[in-house]
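Subject: Structure handover

Hello,

Please find the structure below. My notes on it follow.

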Amino acid sequence: MTPAALGAALALLLTPQVLAVMAGAAVLGLVVGALPGLTATLGVALLVPFALLLEPLPALAGVVTLAAVAITAGDLPGALLRVPGTPASAAYAEAAHRLARRGRAGLALGTGLVCAAVGGVAGALVLLLGAPALAGLALHMSTVERFWLAVLGLSAAAVVAGPSPPRGALAVLIGLALALVGLDPVSGQPRLTFGLTDLSGGLGLIPVMIGLFAVSRVLAHALDPKTDERAPPRIGPVFAGLGQALGRRRRAIALGGGVGVVIGAIPGAGADIAAYVAQAVARRLTPGRTKGEDDHDLDAIAPAGAANNAAIGGALVPATVLGIPGDSLTAIVIGVLMLNGITPGPAAFLLHGDTMAAVLLAFLLANLLLVPAGLLALALARPLLAAPPVVLMPLILGVCLVGSYAVERTTTALVVTMAAGVLGLLMERGRVPLAPVVLGLVLGPLIEEMALTSLMKAGGDPAVLVERPGALGLALVTAAVWGVPAVRAGIAHVRHPRDSD
Amino acid sequence: MIAGAAAVLVGAGLIGVAMQARPVPHLPIGPGVLPAVVGLGLLGVGAALMVARREPHDPAPSRPDRTGLTGLALAIALPLALAATLETVGVALGLPLVLAPLLAWHGMPPGRAMLLAVAMTGALLALLGGLLRVPLPLGPLAGVPPWT
């Protein structure tokens, strides 16, 4: 982008109308992101009717601002109530909640906020400067590479999230088993639907996520009310120790941002895979930093938080440059662009160059707005934590039930939510991590579709899965994710048999 | 041990589902492939967990008492009752009937519990229905809130 084009885009962006719409969208994003069950996608969809009444630039600036703020605000219920706002924030919701129970919610959320802003700015800069090159790379990913990328994400989640890889693997497999419910993607046959038409579209990500993380906590409190009285979450100071925590993890944050942009740019991948892969990559490439429990949890938050928001910028690359939506959020962004007379694709940058550049700058500005918006959300959340668990738990249950219904619009969703809550309670008692279940549920249909499509194209020959160099590389990385810890554990067992027991 | 045994059972069940899946004519791959793979994975992981030794720092979960089990049953049964009646009763009447008994069970006086449950429901309805325009079933109260 030339300095003249940048100046023209800035002049379009920095007008009272655009800035007012962005501020309003940020407030709406805070509300939507902080309420369990309401996702950034739903928030953006709610904004669409208003976007039609506005000029193209304020409409699109509002959409990208709402998306960025809602995804980050999803960290708030994750840390305070252990209810992740988005599937991607499930990767670090438990770590943030553990910090909150030790009175360090401020540090957890502050770290998440700054990392999200850094990741988001990285994504926006890549979008501004290198979109065509990244879009070309993303287009070279065939169904086989996407299959392996999803398997890699699941493997990273299994190895990173659990107290041991077998428990992490069990959680991933539970997620994949839940993803089997619904119509088979190839033949359209109903599978595990028990004759219920409401389950034809699957169990629904939001009811399962709400049930696993939030309802399970309400049920655990009902089973043993003393659990929450022992260590209620506290916000604590936000800035104390923040600089040191971020400084120590600057490499992990940079890695998270890079992983987020690249994986976000691949259609069908997105922030969910990016957050887990970023955690695994950061753990592998920046070892030896952890000292205590707080450090361990911050190590989980920093790279995944950066990857989460960087992936939005990455996902906007194929959406704006090629008109290919990477996920449901970018599909709505494409819809808003088209409703405003801008057809996404290379021609959009030629015909509406200033507007497109201003939209990308608005995304950059939205990511800078994250920190003040997040601090405002923290201030508003303090009274919520003053409520005793006896009041808070029924309130959480009420929000969960209404949130599940609001998203799915069927009473079956309430039953699914409660069943997932019971499953979450049993998993916690069995020390099986919850977060990989969400990733398994998200990626199950993608893995099945990509694998079956590739195999059918090859007449059922499984060699097609490793024939392309990119696919082979990803398969080897996936094998290494499982093999390296197993080999290390084996060597440790031979050298120090008692310790490794 | 229990988690491992449960995984083995579910894995065997999924393999059964995979074997019952009808093959698709003219397609080399059928709808039973992923259930079979997940079922085999669950069998393997379940077996690994069953033979693994309990780690010394791995605390056993506490045994729930009768009061806790009653609270748990209430926290599960009331939302399921709401699910069964939501379309008829609506959120505005149904949700307080879930929340008030739970609040009272935790020691709040019944009158105060009902007031708080109604206030919570009103706030949720105003936020979701009024501000965010998310349609929710209102049962006999349809048309009463100002935004409907």
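In chain A, in which helix is confidence lowest, and in which is it highest? The model is predicted, and the lowest confidence in chain A falls in helix H23 (residues 497-500), with a mean of 52. The highest is in helix H20 (residues 412-429) of chain A, at 93. Over chain A the average pLDDT is 81, and 89% of the residues score at least 70. Where pLDDT is low, the predicted coordinates should not be read in detail.

As for the fold of chain A, its secondary structure consists of 23 helices and two strands. The chain has 501 residues, of which 61% count as buried. Among contacts in chain A with a separation of 6 or more, 79% are between residues 24 or more positions apart.

One helix of chain A was looked at on its own. H15(A) covers residues 293-321, which is 29 residues. At 1.5 Å a residue H15(A) should span 42 Å, and its end C-alpha atoms are 43 Å apart, so the two values agree. Of those 29 residues, 25 are buried, and H15(A) is therefore largely enclosed by the rest of the structure. Gly323(A) follows H15(A) and has a positive phi, near 75°.

Chain B is described here by its domains. The domain assignment gives domain 1 of chain B as residues 2-51 and domain 2 as residues 66-141. Taken over C-alpha atoms, the centres of domain 1 and domain 2 of chain B are separated by 39 Å.

Regards

Methods: Residues are numbered from 1 along each chain as its sequence is written. Chains are lettered from A and ligands numbered from 1 in the order in which they are written. This is a predicted model: local features need pLDDT of at least 70, side-chain atom pairs count only at pLDDT 80 or more; totals for chains, interfaces and linings use all residues. Helices (H or I, at least four residues) and strands (E, at least two) are DSSP runs, numbered from the N terminus. A residue is buried if 20 or more other C-beta atoms lie within 10 Å of its own, exposed if 12 or fewer, and partly exposed in between; C-beta atoms are placed from the backbone. Two residues are in contact if their C-beta atoms, placed from the backbone, lie within 7 Å. The expected span of a helix is 1.5 Å times one less than its number of residues. Domain bounds come from an automatic or database domain assignment. pLDDT is the predictor's confidence in each residue, from 0 to 100.
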